[in-house]
Amino acid sequence: MDIERIRARTAELLGEYRIPGATVGILHDGEITDLAVGVKDVSTGEPATTGTIYQCGSLSKTWTALAFMQLVDEGKVALDEPVRTYLPAFRVADPEVTARVTPRHLLNHTNGIEEDFGAPGEGDDVYERMVDNIADAPQVHPLGYTHGYSAALGYAILARVMEVIDGKGWDDIMRDRLFGPLGLTGTSSRPDQVEPGRAATGHVIRSLDEGPVASPLPHLPRAFGPGGNVNSTAREVLAMAHVVLGEGKAGDGTRIVSAGSVLEMTGSRVPVPDPYMFGPEWALGLIVCDWHGETVYAHDGSTVGQNARLRILPDSGLALSLMTNGGPRESFYKEVFNEILAELGAVTIPELPEPDPAPALDLSRYEGVYERPGARYEVSADGGRLSLTFVLDPWQASFLGKPERIPYELLPISDTHFLMPSDDPLEDTQTVAIYDFRDGAAQYLHTNCRVNPRAREE
């Protein structure tokens, strides 16, 4: 593999996308190669290195799932046992969900519980407080009915189960069960544990003219810990990925989880309503992708100004990681990874499908408002075409430098799936699913892994 060519091409793409810095990791046949380009902070110009530590965002969920499977191996928790077995006081608004929701529902994002956990604070009892705070949380959808990504709550409940079983805080559990045994020195679960001289600064990119500026939010709240606050390097993310490729063993042969647990993590799957943006199925802490017939396991993560990408190709004995301090941009990660994949003769990332030029759709079935707290989508038909308006709250619009109402044309791929192209040069084409038709109308809109139910008329 021509590493210098890959480095030069990645640097070229950084400039094109205005991303300050990136670190790339390649695990191939048991050996890790990594490279760094750009800067870790635009204000200082300090170069990014292979030791630069980035925020993993939701890639943290794969770390948490792996630690949870250790408890499964030890017989201390069961994936299909109700959460109340371990947390007797657990309760949400729906009594059936209270009684029946399991760790498997939480791991694969089919629990349907609204992220209505209030302000649990930054203390060591944050996950206990989050569980206490959801006693009246409603359902976005019935338990197990559809996939709908939970950014923080689902994995926080898992963390609380882990704390009760192990008798220590989630941060200590991760250190003792994963980071230590894997020999990781740059991976941690709290921002105050990151060595300051190695930390990347997050950047937001609101316009090409302005370029990257330091993020006003240096890290996510502690409530996002199990689902979003792990910090790591590209190389150490691949040390975790090796456990998946190595049937539960680390690179040095240390057994982290059983081979059966890896099979469970990768083989227990639910369908994703929008299969094009990330993958058609969700497993336990991993997305399942189909790249031209080859199964690829993945997870992405984003904080406000930092991003992580992981792709694991078991048939090729290969895993790739990419950490950046600006973006996110799907097209950037795809171009970087495809350069490497082509170099290694591996399967490359599929393109999004082309729209159907002549669909026969009853557009009235899609029209309506789909929303949940913090997100509102208005779908309307005019002149035989569908459009979607994404409504931002005023603070978010001001922060991003965008209008409060952003219109998109919906180009049909099928009777339930649409492309959502953008006129914004900083935004890639997205995909959306509008599905589950009852009484002549779609009931859910699924995009960016999140599910939004049809708003009920007053």
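**Notes on a predicted protein model**

1. Asn 448 has a positive phi of about 50° although it is not a glycine. Its relative accessible area is 38%, so Asn 448 is partly exposed (buried means under 20% relative accessible area, exposed over 50%, partly exposed in between, with a 1.4 Å probe and protein chains only).

2. A word on what you are looking at. This is a predicted model, in which local features need pLDDT of at least 70 and side-chain atom pairs count only at pLDDT 80 or more, while totals for chains, interfaces and linings use all residues. Residues are numbered from 1 along each chain as its sequence is written, and side-chain values use heavy atoms, with hydrogens and water left out.

3. Now the overall build. The protein has 12 helices and 20 strands, and its C-alpha atoms fill a box of roughly 60 × 55 × 40 Å along the principal axes.

4. How much of the chain is buried? Buried residues make up 55% of the 458. Of the contacts with a separation of 6 or more, 60% link residues 24 or more positions apart (contact means heavy atoms within 4.5 Å).

5. On to the inside. The largest nonpolar core has 75 residues, and Trp 63, Phe 90, Ile 157 and Leu 178 touch the most other members. Such a core is a set of buried Ala, Val, Leu, Ile, Met, Phe, Trp, Tyr and Cys residues joined through side-chain atoms within 4.5 Å. A second, separate core of 38 residues includes Ile 3, Cys 289, Trp 291 and Cys 449. In soluble globular proteins, nonpolar side chains tend to be buried together.

6. What does Leu 178 touch? Not counting residues up to four places away in sequence, the partners of Leu 178 are Trp 63, Leu 66, Ala 67, Gln 70, Ile 173 and Ile 256.

7. Thr 10 belongs to helix 1 (residues 3-17). Thr 10 counts as buried because its relative accessibility is 2%. Apart from neighbours within four places in sequence, Thr 10 contacts Val 24, Val 37, Phe 332 and Val 336.

8. Is Gly 167 buried or exposed? Gly 167 is exposed, as its relative accessible area is 67%. You'll find Gly 167 in the loop between helix 6 (153-166) and helix 7 (170-179). Its C-alpha atom is separated by 41 Å from that of Val 39, 128 residues apart along the chain.

9. His 109, in the loop between helix 4 (103-107) and helix 5 (126-133), has a positive phi near 65°. With a relative accessible area of 0%, His 109 is buried. The peptide bond from Gly 327 to Pro 328 is cis, with omega near 5°, and Pro 328 lies in the loop between strand 12 (318-324) and helix 11 (330-343). Most residues other than glycine have a negative phi, and most peptide bonds are trans.

Terms used. Helix = DSSP H or I, 4+ residues; strand = E, 2+ residues; numbered from the N terminus.
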